[in-house]
Amino acid sequence: MSKIKDEVQEAMILRQPEFIGNMPGPDKMVFQLQQMMFVKRLPFKKTIVFDMDETLIRAQTKDLGDNCSIQINVDNQSLYVATRPHLKEVIENLSKHFELILFTAGSQKYANVIINVLLFQNIIKEDTFALTLTRNECFEVPEKKVYIKDLAKLLSNRSLEDIVIVDNKVQSYTLHLENGIPISDFKGDQSDCMLKELESFLMTYVLNCDDVRTVIRERFHNSVKLQRAEPGTGCE
Ligand SMILES: [Mg+2]
């Protein structure tokens, strides 16, 4: 069985009542308030929700040993941050056609530091991401040490047929598996081409489709993560 199938099955376990039952009580007012705060203001039909760590960047305590990483300090911990190759051009291109949202399971403080790094490096602009959601907006399953990103919070004036989430952890979007585009972990490899592959997939198949879930189901659920057939051949 392929790895992605294993991960999807593992993620589905989290949808069972013993885990879903642990979700915070149905505070309808808070939920509706969040939906109002996260309303879509851009005219684009489709929305891309990006995970941060190991999808767009890599942050680790050990020096990545290249010229591309930058050192930061969060909560007295020193971290080295590297951005995934092609991040700037891919994000810039996609932002002309899609609403982009950043959704990290990290803390607000950590997210702010990383965003400042990306701004400082001129990789993103102040308005590149329409929204930044953090751990506060995730549903935590302590037994599994997993933070689940609940896309329902984005549905005030968006539809699930128009939202994709790109995340290296399938479990992160267990509540919306049909909206998830799995991507391989970025660990600092500066020859990585995944964002170029992703851009091509999004522009070709997702941008003008009727329902992203149909496209994702056909492409990924019986397949493997977004990755090159022949690694190491360079980006086209
Ligand atoms: Mg991640």
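This is a predicted model: local features need pLDDT of at least 70, side-chain atom pairs count only at pLDDT 80 or more; totals for chains, interfaces and linings use all residues.
## Helix α5

The face of α5 turned away from its buried side carries the exposed residues K109, N116 and F120. Spanning residues 108-120, α5 has 13 residues. From its first C-alpha to its last, the helix reaches 18 Å, close to the 18 Å expected at 1.5 Å a residue.

Which residues of α5 are buried? They are Y110, A111, I114 and L118. Seen down the axis of α5, these buried residues fall within an arc of 100°, so they line one face of the helix. What covers them includes four strands: β2 (57-60), β3 (70-74), β4 (77-83) and β6 (131-133). After α5 comes N122, whose phi is positive, near 60°.

## The chain as a whole

The chain contains seven helices and 10 strands. It has 236 residues, of which 31% count as buried. Among contacts between residues at least 6 apart in sequence, 74% join residues at least 24 apart.

## The open sheet

Five strands form an open sheet, and their order is β6-β5-β1-β9-β10. The pairing in this sheet is parallel. Its edge strands are β6 and β10 (180-182), each of which pairs on one side only. On average, neighbouring strands of the sheet are turned by 25° against each other, direction ignored.

One of the pairs is made by β5 (residues 99-103) and β6, which run parallel and are joined by three bridges. Within this pair, F103 has L133 in β6 as its bridge partner. In general, strands of a sheet pair through backbone hydrogen bonds, either parallel or antiparallel.

## The hairpin

An antiparallel pairing is found between β7 (residues 138-141) and β8 (residues 146-149), over four bridges. In this pair, C138 stands opposite K149 in β8. The two strands β7 and β8 form a hairpin with four residues between them. In the turn, K145 has a positive phi of about 55°.

## The nonpolar core

In soluble globular proteins, nonpolar side chains tend to be buried together. In this chain, the largest nonpolar core has 47 residues. Which of its residues have the most contacts inside it? They are I48, V49, F50 and V164. Helix α6 (residues 194-206) gives the most to this core, with five residues.

F50 also shows which parts of the chain meet here. Leaving aside its neighbours within four places in sequence, F50 is in contact with T55, L56, L100, I101, L102, F103 and V166. One of these contacts, F103, is the residue whose bridge partner in β6 is L133.

## A loop residue, V39

Where does V39 lie? It is in the loop between α3 (28-37) and β1 (47-50). Is V39 buried or exposed? V39 counts as exposed because it has 12 C-beta neighbours inside 10 Å, and a residue is exposed if that number is 12 or fewer.

V39 still has contacts with residues from elsewhere in the sequence. Leaving aside its neighbours within four places in sequence, V39 is in contact with S156 and N157. The C-alpha atoms of V39 and L154 are separated by 6.8 Å, although these two residues are 115 residues apart along the chain.

How values were computed: Residues are numbered from 1 along each chain as its sequence is written. The expected span of a helix is 1.5 Å times one less than its number of residues. A residue is buried if 20 or more other C-beta atoms lie within 10 Å of its own, exposed if 12 or fewer, and partly exposed in between; C-beta atoms are placed from the backbone. The arc is that of the directions from the helix axis to the C-beta atoms. Two residues are in contact if their C-beta atoms, placed from the backbone, lie within 7 Å. A nonpolar core is a set of buried Ala, Val, Leu, Ile, Met, Phe, Trp, Tyr and Cys residues joined through C-beta atoms within 7 Å. Two strands pair if DSSP finds at least two bridges between them. Axes are lines fitted to C-alpha atoms, for helices over the stretch in contact, and angles run from 0 to 180 degrees between N-to-C directions.
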